[in-house]
Amino acid sequence: MEITVILSQENETLPKAELIARLETLEINYEITQEYPGVITFKTDATDDEILKLGEHLGYTHEILKSITTTLPEQLQESIETINWEDHINGTFKVRVKRMGNGDVDKDSIERNIGGYIKQQTNANVNLDNSDTTVKLVYTDPKTQTNEFKEERVVGYNKVIITTQLIEQDKKHFFDNKPHKRPYFHPGSMSPKLALCMVNLAHTKENDTVLDPFCGTGGILIEAGDLNTRLIGSDIEKCMYEGSKLNLAHEGFTDFEIHWEDVRKLNLDEKVDAVAMDPPYGISTTLGGDDTKQLYTEALNSIAQYIKDDGYICMASPHYIDLYEVVDNTPLTIKEQHEIRMHKSLTRIITVLTK
């Protein structure tokens with residue numbers, strides 16, 4: 001079957017990278033067939049249940065849809081009439097238009113007309129609030145126009161992907177997991193969405209053991225724990241050590257251990273499957289005032305002792321640290337990097353490393 005994925009467009013490269021990492025982790029075979037802004041389509045032999053599992057734990061994916069066919073906007077009605085809708089509608093249904101880029105499309109009229117046709121063909125009931133099936137018409141491959149101020153806007157579309165919705169991101173999860181809602185809060189905590197993305201870039205799967213050696217308030221470990229993993233954390237700060245334990249217990253996790261320790265002196269009794277970490281920006285102060293690159297090197301060398309040979313490390317760092325220089329003196333290799341602009345003077349680099 002062919003799958004259409006609606007990605008977040010708040011970052012240029014992270015959403016696709018997270019999706020691919022999760023596909024690889026779940027060992028789902030795929031072949032990307034088309035890419036448009038915020039949209040990826042791929043062919044796969046995966047089952048519906050496997051695709052549902054894919055979509056359950058993605059930070060930067062908004063929707064996963066099952067593709068029926070692709071058409072031109074001016075041929076939409078004709079294409080709709082060639083589909084045997086009884087094969088795609090189970091129970092009640094609704095039709096929704098998704099415009100990638102907010103181009104000029106008469107959503108209400110299209111949804112009403114297409115919905116009326118499908119109802120006539122299937123005798124299925126329309127339910128706009130809680131339907132069993134959502135038919136999603138994705139307007140994509142945008143036509144753009146640049147004005148005199150060099151501002152680009154979408155003025156039309158070249159394609160419509162006709163789909164049914166398999167899964168939609170639960171935004172409530174990220175709202176409920178905001179750092180300030182935990183029993184212990186510290187300014188600068190990573191957002192749940194980015195924490196989950198990093199866990200996925202570390203190729204974390206169920207029953208893995210996940211390490212965060214700079215666990216802070218436990219945000220990354222919380223997202224990893226939702227994948228039914230064993231959690232190990234450490235932090236040199238006593239308050240973070242105590243706060244992380246408090247937050248993990250509050251979330252209902254029991255299979256975890258937190259160490260009050262300098263990452264360079266970490267002593268574990270086991271090897272881990274994945275590492276996801278966000279060292280503090282003031283790491284040179286936090287770990288004793290040494291040179292920051294030296295500290296990163298020593299930290300990665302310590303962590304490398306405990307990561308399995310096929311494991312992944314996902315690490316956040318400030319843009320002014322060249323991690324390629326850092327890893328030269330470690331047994332690790334950089335697989336990929338992504339930039340997240342935080343504000344005018346800071347860009348976060350998300351790096352995935354392997355042995």
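Helices, here runs of at least four residues, and strands, runs of at least two, are taken from DSSP and numbered from the N terminus. In the predicted model described here, the protein chain has eleven helices and 14 strands. Taken along the principal axes, the box filled by the C-alpha atoms of the protein chain is roughly 70 × 50 × 35 Å.

Of the 355 residues in the protein chain, 53% are buried, and the accessible surface of the chain comes to about 17100 Å², with 42% of this area belonging to carbon and sulfur atoms. When contacts between residues at least 6 apart in sequence are considered, 70% of them join residues at least 24 apart.

If residues up to four places away in sequence are set aside, leucine 14 touches Tyr60, Leu194, Cys197, Leu201, His338, Ile340 and Ile350. A further pairing concerns glutamine 337, which is 323 residues away from leucine 14 along the chain, while the C-alpha atoms of the two residues are separated by 9.0 Å.

Terms used:
Residues numbered from 1 in each chain as written. Predicted model: local features only at pLDDT ≥ 70, side-chain atom pairs only at ≥ 80, totals over all residues. Heavy atoms only, no water. Buried < 20%, exposed > 50% of the residue type's maximum accessible area, 1.4 Å probe, protein only. Contact = heavy atoms within 4.5 Å. Areas by Shrake-Rupley, 256 points an atom, 1.4 Å probe, with all protein chains shown as cover.
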